[in-house]
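Me: I have a structure open and would like to go through it slowly. Could you help me read it?

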Amino acid sequence: ATPPPATPPPALSPDATENEATIHAELAALGPAFPSGFRLERVPGDYYDRDLEFRRRCLSAWSTSHLCKSMVMENTKDDRTFPGGLPEGGDDDWASSKYVMVIVQYVSKLQAEKIRDFVYEARGGKTPRKKIKFRLAPEEVSDAITGFSHNAVTPIATRTRIPVLLSHRIAALEPDFFWLGAGEVDLKVGFSAREFAGAYGALTLDCTYDD
């Protein structure tokens, strides 16, 4: 059967900021990787002062489980300092990176030990677990790596590419369309988790506490 035609990119707002135009351009250029399309939405200035249900309504998200965030985490047992500590051998050597971007739902709680175990296995057990301890990176480090500030971090159009880890809960969402920050506190982007993972090489793992 012939696949349905891809959804065209949304029109860019005539008063779009430079960042919004950059985010839009990168996703539009990846058009074939996002056949379901993407959306960019502005939210009210008090967005982060309100509860998740208010935020869901702002974006017409299917549920609060579809609202997600991106965080830069660092291995605090790795003595390298930025710009050191980045993947040494490209995408195939992602586990050597001191820094990773982790994407989780707001309704879930991150369990850093699961990231440690995931990296430990990816390194073939060559690094002792006691030498792997992931914690939220300092804001200045996150800003330097991504080019984005707190509550605006996104994997799209980052200044420096680091490995992206996606919660398995997001990958299992139905319908398959979730929301993230998009480089500005009041700008959000939505797309398919499956298509996003394929386009950005995101690795899916269980990185949250069980219910």
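Me: Let's start with H1, how many residues does it have and how far does it reach?
Reply: Helix H1 covers residues 18-29, which is 12 residues, and reaches 16 Å from its first C-alpha to its last, close to the 16 Å expected at 1.5 Å a residue (the expected span is 1.5 Å times one less than the number of residues; helices are DSSP runs of H or I with at least four residues, strands are runs of E with at least two, and both are numbered from the N terminus). This is a predicted model, where local features need pLDDT of at least 70 and side-chain atom pairs count only at pLDDT 80 or more, while totals for chains, interfaces and linings use all residues. Residues are numbered from 1 along each chain as its sequence is written, and side-chain values use heavy atoms, leaving out hydrogens and water.

Me: Which residues of H1 are buried?
Reply: They are Asn19, Glu20, Ile23, His24 and Leu27, where buried means under 20% relative accessible area, exposed over 50% and partly exposed in between, with a 1.4 Å probe and protein chains only. Seen down the axis of H1, these residues fall within an arc of 130 degrees, so they line one face of the helix (the arc is that of the directions from the helix axis to the C-beta atoms).

Me: And what do the buried residues of H1 pack against?
Reply: They pack against strand S1 (39-42), strand S7 (187-191) and helix H6 (193-200), with contact meaning heavy atoms within 4.5 Å.

Me: Switching topic, how many disulfides are there?
Reply: The count is zero, taking a disulfide as a pair of cysteine sulfur atoms within 2.5 Å. The sulfur of Cys58 is 16 Å from the closest cysteine sulfur, in Cys68, which is too far for a bond.
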